[in-house]
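Please examine the sequence and the structure before reading the solutions.

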Amino acid sequence: MNIILLGPPGAGKGTQARILVEQRNMVQLSTGDMLREAKSSGTEMGNRVAEVMARGELVTDEIVIGLIEEKLSGDIGGGLIFDGFPRTLAQADALSELLERNGQSLSCVVEMQVNDAELVHRITARSTCASCGEGYNDITKPVPADGACSNCGSTEITRRADDNADSLRQRLLEYYKKTSPLIGYYYAKGMLKRVDGLAEIDEVAASIKKTLDRT
Ligand code: AMP
């Protein structure tokens with residue numbers, strides 16, 4: 001089963017993808033994580049995209065399609081979760097072609113619905129353990145008082161460079177201009193499923209599970 005998690009920044013795509021990896025042995029393909037990795041390893045491509053990402057703009061279709069293409073030939077375990085990809089119609093078309101070429105197909109697209117005020121609230125409050133990826137929120141799930149990750153004990157808790165008010169405004173604009181048309185695109189293809197992304201993490205996970213079990 002190969003799925004797309006679709007939703008604006010802060011909708012909880014990464015959190016839910018990690019749950020699906022644990023529950024279903026699926027493989028998470030996050031273009032945002034791949035780009036951040038390229039950025040921190042200082043590759044030429046990483047340096048090229050760093051400024052674009054810091055501004056909250058989208059990097060070129062060519063770069064992200066190339067990143068996804070590289071991963072499709074690897075082990076796909078219990079199926080692929082596309083997290084943060086596709087973000088444009090051109091990427092969506094490229095994904096169908098790439099999957100077909102690899103003898104795969106898309107099972108469904110899960111749209112995580114949230115409202116904009118909640119997004120801003122969530123993003124400006126979030127931080128992540130640099131070691132294991134556990135997510136925290138200043139209000140709903142604060143980092144333990146000793147500053148150590150409750151999952152792995154690391155004290156390296158980081159905030160994303162693009163989780164600031166200016167970048168976030170641009171990321172939301174990019175989402176509404178370039179990514180939200182994918183909702184209609186996948187609806188028309190009969191592949192769109194919707195879940196309430198504003199519920200508690202476990203409830204969202206349960207809704208996604210129900211949706212996937214029915215697919
Ligand atoms: P994310 O971690 O998914 O929020 O992505 C962080 C940033 O990486 C985005 O704001 C974009 O600059 C870039 N990015 C991630 N995925 C894509 C994509 N599919 N297309 C274009 N840019 C992307």
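**Exercise 1.** What volume does the second largest pocket have, and which residues lie nearest its centre?

*Solution.* The model is predicted: local features need pLDDT of at least 70, side-chain atom pairs count only at pLDDT 80 or more, and totals for chains, interfaces and linings use all residues. Residues are numbered from 1 along each chain as its sequence is written, and side-chain values use heavy atoms, with hydrogens and water left out.

Step 1. The volume of the second largest pocket is about 230 Å³ (the space filled by probe spheres set on grid points joined across faces, edges and corners). A pocket is an open set of points on a 1 Å grid over the protein atoms alone, where a 1.4 Å probe fits, with protein on both sides within 12 Å along at least five of seven lines; lining residues have an atom within 4 Å of a point.

Step 2. Of the 14 lining residues, Gln-28, Ser-30, Met-34, Glu-37 and Lys-71 lie nearest the centre of this pocket.

**Exercise 2.** Identify the polar side-chain atoms placed by the ligand's oxygen atoms.

*Solution.* Step 1. The ligand is surrounded by 16 residues (each with a heavy atom within 4 Å of it).

Step 1. Among the polar contacts (pairs of N or O atoms within 3.5 Å), a polar side-chain atom of Arg-36 is 2.9 Å from a ligand oxygen. For Arg-160, a side-chain N or O atom lies 3.1 Å from an oxygen atom of the ligand.

**Exercise 3.** State how the shell around the ligand divides.

*Solution.* The shell comprises 6 nonpolar, 4 polar and 6 charged residues (Ala, Val, Leu, Ile, Met, Phe, Trp, Tyr, Cys and Pro count as nonpolar, Asp, Glu, Lys and Arg as charged, the others as polar).

Conventions. A polar contact is a pair of N or O atoms within 3.5 Å; within protein, one must be able to donate a hydrogen and the other to accept it, and residues adjacent in sequence count only if both atoms are side-chain atoms.
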